[in-house]
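Please read the following briefing alongside the sequence and the coordinates.

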Amino acid sequence: MIELAFVLAIPFASAVLLALFGHRHNAAEINSAGSLLTLLAAGFLTVRVISDGPMLLFTEQFFVDPLNVFLIALTALVGFTTSLFSRPYMRVEHDHGRLSAARLRLYHSMFQMFMCTMLVALSTNNLGILWVAMEAATLTTVLLVALYRTPASLEAAWKYFILCGVGIAQALFGTILIYFAAERVLGHEGGALLWTHLDAVKTQLEPTVLSLAFVFLFVGYGTKTGLVPLHNWLPDAHAEGPTPVSAVLSGLLLNVALYAIIRCKVLVDGALETHFAGNLMMGFGLLTVVVPAFYLSRQKDVKRLFGYSSIEHMGLITFAFGMGGPVASFAGLLHMTVHSLTKSAIFFAVGHAAQMAGTQIIDNIKGLIKQSPTIGWGLMLGSLAILGMPPFGVFTSEFMILTTAIKHYPWATPILLTALGVAFASMFHKVQGMVFGEPTVKPLSHNPALLPVFVHLGLVLMLGLWIPPYLAEWYRQAARLIG
Amino acid sequence: MSLSLANTIPLSSQMINLCAAIMLLIGFAMLAQRRVLTLINLFMLQGFVLFVSTLIVALSTDQSHLLWSAGLTLLLKVIALPYILHRLIRQLSVKWDIETLFNIPTTMLVGIALVVIAFNVAQPISQLSGTITRATIGIALACVLLAFLMMITRSKAVPQVIAFLAMENGLFFAATSATYGMPMVVELGIALDVLVGMVILGVFFFQIREQFDSLDIRHMERNKEK
């Protein structure tokens, strides 16, 4: 119990602290320290859940089970590594005069607040609080995306706010509908929004209401996951915000939105006893894999490029959970993990590459490997990993998704393979141009923190070769929960 | 028949249905309104109707937490947000702005179609509903869709935000009147989010005008696919 309180309280306290002292010189260190403490608390929480099993806390408003504890741990880990990366990155931005001390204070404070909202969203048992936390996450990231106050960043933030605001309003309507259905079974006082209660009575919930509710919830949280055709905000927000923000947006926020969809899917599956929710997810998942794959080759901005790649992978994960079953759900969870680790590592490398080149335009970034071998190799290996090359973990999960598709939905396999092939061709070509060739890039004024890049890629490599038994067991339990 | 039916329906439900009808009417009025100032007043009125209907539900079902949410609605939707909006348009000197809208009759017709769709979608639910406020969930959905349409047809920043808030009104209406109240903690959270969002947007308005010399969203088209 005390562990979860710490997991939620530390980021909140850090946010308050940084709102007061975020302009000081050592704000970045406070930020990292706060994130490290959160990670430690999340680690203890994980150990506790492994030994004691799922638990309900704080008058049942919060709960932790195998599904969300692994996401909490992942969120805390990537949050910590991102804070390490952001320390030199933001100093360089400050030196270049792109950010004032007041903006840095806003950045540090909102970064911690963002972590806090995501951790609340992941650990809450109340579907209403889940919605509130998702909306709060949107608000904090709107401020982060608009941090530079350039016309382009304001536009991106406005688009992000309006699109996700509308989307998430749909999700609220879906939540109300679920309450409407559950209240008839559980009554006013029965905790009709608590997920564990809903899960216990899911077979008695009215199917027509639940299927309508799922459509609204799927559209709502799907907007935030970046599913086509509601993905427009995502590349802009990734390109215009500071790179640490792109890393946590891609690596964490999309996962959290997807987690909300999965939780709702479990309820709807129980009430409907048909594959309605799964079919919806498979359809939109497939569309979301195919469309961005063809957009990749047209991108000129490197962060937009990887933004589109994130959309594609979210589509793949949605498709996997849509297929359902132990193998596909296992693969979906694994893919969530490896995508989040790999994509944030790529953004770390890309961020410094863009700083060295002074631009995010792909054609103007050349010869990274000669000027700074670590950044060059980090970007190259990260891209290979995200494109699904063995022996990285992305290959394992994609292989599992594809084999399940071959077995149960053979018609989908050629579509998926084509999209992955197109993505490979267009992205590899672009990354190659940036990494090799005669350098146009200059060294940085601060030493970049590249340890996170290789730690992440190392973990992804490990997950490709060998998944530790307890982790596999954990995935299996979570996959059983999802069904 | 209709007379006897009217006699069997309790007064409170009739009042809620009346409120629902007014909500929808205001939704249409906002859709057609071109003046920013009047738009804010309409939004305030909608908030007030929402407050009244929540109050009726609270009194007729004896749920004390709904009284709190009625108070919250009054405070936030009728007093705080309109006040912030009024101050904003004064500071931005867009108080007397008139927007050129494309073809209001067409927009209204699309609006009517949306209401029909909303009622159709909500029909299976209304049939299940034991409460006599069975039409309200359809109307709430219609209000949400009308606000959505308004958001699409407007190009200025302030009306877009008012549309966003009107959408929130429709959702609140669904939560309080159709289902007889969501848990309080959720409503508090939603209210807080709306307020924070409004403040953030207020700051944004100034930034946008500074950068683009206008609050017209059409001026920001640079990020389109190059």
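Two residues are in contact if their C-beta atoms, placed from the backbone, lie within 7 Å; helices (H or I, at least four residues) and strands (E, at least two) are DSSP runs, numbered from the N terminus. This is a predicted model, in which local features need pLDDT of at least 70 and side-chain atom pairs count only at pLDDT 80 or more, whereas totals for chains, interfaces and linings use all residues. Residues are numbered from 1 along each chain as its sequence is written, while chains are lettered from A and ligands numbered from 1 in the order in which they are written.

**Chain A overall**

- Chain A has 19 helices and 2 strands, and its C-alpha atoms fill a box of roughly 65 × 55 × 45 Å along the principal axes.
- Of the contacts in chain A with a separation of 6 or more, 82% are between residues 24 or more positions apart.

**Helix packing in chain A**

- Helix 5 and helix 10 of chain A pack at an angle of about 165 degrees with their axes 12 Å apart, the axes being lines fitted to C-alpha atoms over the stretch in contact and the angles running from 0 to 180 degrees between N-to-C directions.
- Helix 5 and helix 10 of chain A are therefore roughly antiparallel to each other (over 145 degrees; under 35 counts as roughly parallel, 65 to 115 as roughly perpendicular and the rest as oblique).
- From helix 5 of chain A, A:Leu130, A:Met134, A:Ala137, A:Thr141, A:Leu144 and A:Val145 meet A:Val245, A:Leu249, A:Leu253, A:Ala257 and A:Ala260 of helix 10 of chain A.
- The residues of this contact between helix 5 and helix 10 of chain A comprise 10 nonpolar, 1 polar and no charged, with Ala, Val, Leu, Ile, Met, Phe, Trp, Tyr, Cys and Pro counted as nonpolar, Asp, Glu, Lys and Arg as charged, and the others, Gly among them, as polar.
- Helix 3 (residues 66–95) and helix 18 (residues 451–465) of chain A pack at about 150 degrees, with axes 9 Å apart, and are therefore also roughly antiparallel.
- A:Thr81, A:Leu84 and A:Phe85 of helix 3 make that contact with A:Pro452, A:Val455 and A:His456 of helix 18 of chain A.

**Backbone features in loops of chain A**

- Most residues other than glycine have a negative phi, and most peptide bonds are trans.
- The peptide bond from A:Val228 to A:Pro229 is cis, with omega near 10 degrees, and A:Pro229 lies in the loop between helix 8 (207–225) and helix 9 (233–240) of chain A.
- A:Arg149, with a positive phi near 60 degrees, lies in the loop between helix 5 (127–145) and helix 6 (151–186) of chain A and is partly exposed, with 15 other C-beta atoms within 10 Å.

**Contact between the chains**

- 36 residues of chain B are in contact with 33 residues of chain A.
- Helix 8 of chain B gives the most to the side of chain B that touches chain A, with 13 residues.

Technical notes: A residue is buried if 20 or more other C-beta atoms lie within 10 Å of its own, exposed if 12 or fewer, and partly exposed in between; C-beta atoms are placed from the backbone.
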